[in-house]
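Have the viewer open while you read.

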Amino acid sequence: MIFFDHFNYWIFVILLMIGLFTVMSRTNLIKKMIGLSLFQISVFLFYISMGKIDEGTAPIVVEGAQDVVYSNPLPHVLILTAIVVGVATTALGLSLVVRIKESFGTIDEEDILAREDKA
Amino acid sequence: MEQFTDIFLMLLLVAGALSVLYVRNLFVATMLLGAVSFIMALIFVSLDAVDVAFTEAAVGAGISTVLYLGTLALVGSDEKPARRRALVPLLVSLLVGTALVYATFDMPAFGRADNPVQTHVAPRYIEESPKEIGVPNMVTSVLASYRGFDTFGEVTVIFTAGIGVLLILSQLRRRREDEADLTDGPDTDTNMDNDAAASASPAERVGSEHDLVPHVVAKLLIPFILLFALYVQFHGDFGPGGGFQAGVIFAAGFILYSLIFGLHFTRQIVSTRLVKFLLALGVVLYGGVGVVSLFLGGNFLDYNVLSADPVAGQHLGILLVELGVGITVTAAMIAIFYAFAGRAEGRGNDIN
């Protein structure tokens, strides 16, 4: 079935578009961070989809079994670390948002820019 | 059947993402993002990535939701309605999307065993790692041994991010004092790192003493959360799990405790000093294993030389390295939570 050949990749593209659109169109800084998270999640999906093999199983050795098809462990490793690094960097971004709120009294991009122009 | 489960989950994912985009209340958006993460974890399970699913469920649906909520407590959860029409962003997104969809037609079909990505280094990992490393979970052996240098870099990034959040959020709020708005007397924030000075009042106030049910449930749950984290840490060689997941789950136990009983009591158990020390200790442990293997005549992070038997050496090396990862991740998550929650508590003092 040709439709399923690329289905996962299309979902990745749709998610990526939603994430990108959120980052660009929303002026609220938290919303931008959420958009960035969505963008990030879409990339995770892309990598993991590439590692999947039909009829495969998780890359953990099955004792005593012959001819087991294992999915590719490499994308799993890359994404596993990326997720944890992602939350650490998100936290860094959020802490900057907190500081911006304290300095400007708002986390809306346009209000901040307006305030900057006035100053 | 499996295919339809996949399609259902994927559509749920897209619907979740769209609602995150359109909902105006940031609190709701955060909750929906957590739901999206959880659906993603389910998809990862069906794509055979059990370790990744584990991490996504713990991090995406757990810790990052807590972080967003911590931020919302400080900045408020209302989003202003958009003032301009987002035509240009829409066009750019559509353009990027179209280009990517066009590109996917050149990609090999999903799930084939002869795709280029499956024929490069992966067969070697799959065929040799059980013999070379002797660890059933290939993800662990690739993570900690074959790509150990890479993982060392990731741990350093987490360490740096933890330090960064501490630096950014533990600075005093000078502007507030200048403005001298609601504050009476010196700013109470100056006591942030000082456990003793956090007098009884915040402890009484933040702990939700009236909510008996959460108290009892949390007390029952926390030991099991911590025990499970240890299981995930040390069973990571044999099943899904490892330092990254275990670290996050371990931290989640402490975060749950401080959400229910208040930050003050958590700080009595795990002080900020201890967290900072552990944050560095994990990285040092990881790097230390590398340096020891250098002194024993191997390459950096070459665990074969750690023991007379190469496979035993690999086991030892992976165990220590994963422990280092676990310690740093735990400490980083707790440090980040302390930074956000401490700030929120300081602000609570301002208002009263």
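How much of residues 6-24 of chain A is helix, and how far apart are the end C-alpha atoms?

## Ground rules

This is a predicted model, where local features need pLDDT of at least 70, side-chain atom pairs count only at pLDDT 80 or more, and totals for chains, interfaces and linings use all residues. Residues are numbered from 1 along each chain as its sequence is written, chains are lettered from A and ligands numbered from 1 in the order in which they are written, and side-chain values use heavy atoms, with hydrogens and water left out.

## Annotated spans in chain A

Back to that question: residues 6-24 of chain A are 95% helix and 0% strand, with the end C-alpha atoms 27 Å apart. Helices here are DSSP runs (H or I, at least four residues; strands are E, at least two), numbered from the N terminus.

The unreviewed UniProt entry puts "transmembrane region" on residues 6-24, 33-50 and 77-98 of chain A; such annotations may be inferred rather than shown by experiment. Residues 77-98 of chain A come out as 100% helix and 0% strand, and their end C-alpha atoms are 32 Å apart.

## Where A meets B

On the contact count (heavy atoms within 4.5 Å), 80 residues of chain A touch 102 residues of chain B. The two chains bury about 8400 Å² between them, 74% of it from carbon and sulfur atoms; that is accessible area (1.4 Å probe) lost on putting the parts together, summed over both. Phe21(A), Lys52(A) and Leu80(A) supply 7% of the area that chain A buries against chain B, more than any other three residues.

There are four salt bridges between chain A and chain B, a salt bridge being a side-chain nitrogen of Lys or Arg within 4 Å of a carboxyl oxygen of Asp or Glu. One of the residue pairs joined this way is Lys52(A) and Asp48(B), at 3.2 Å from N to O. On the side of chain A that touches chain B, helix 4 of chain A gives the largest share, 26 residues.

## Two positive phi values in chain B

Most residues other than glycine have a negative phi. Asp48(B), the salt-bridge partner of Lys52(A), has a phi near 75°. Asp48(B) sits in the loop between helix 2 (26-46) and helix 3 (50-75) of chain B, and is buried at 9% relative accessible area (buried means under 20%, exposed over 50%, partly exposed in between; 1.4 Å probe, protein chains only).

Leu301(B) has a phi near 60°. Leu301(B) lies in the loop between helix 14 (272-295) and helix 15 (310-351) of chain B, and is buried, with a relative accessible area of 7%.
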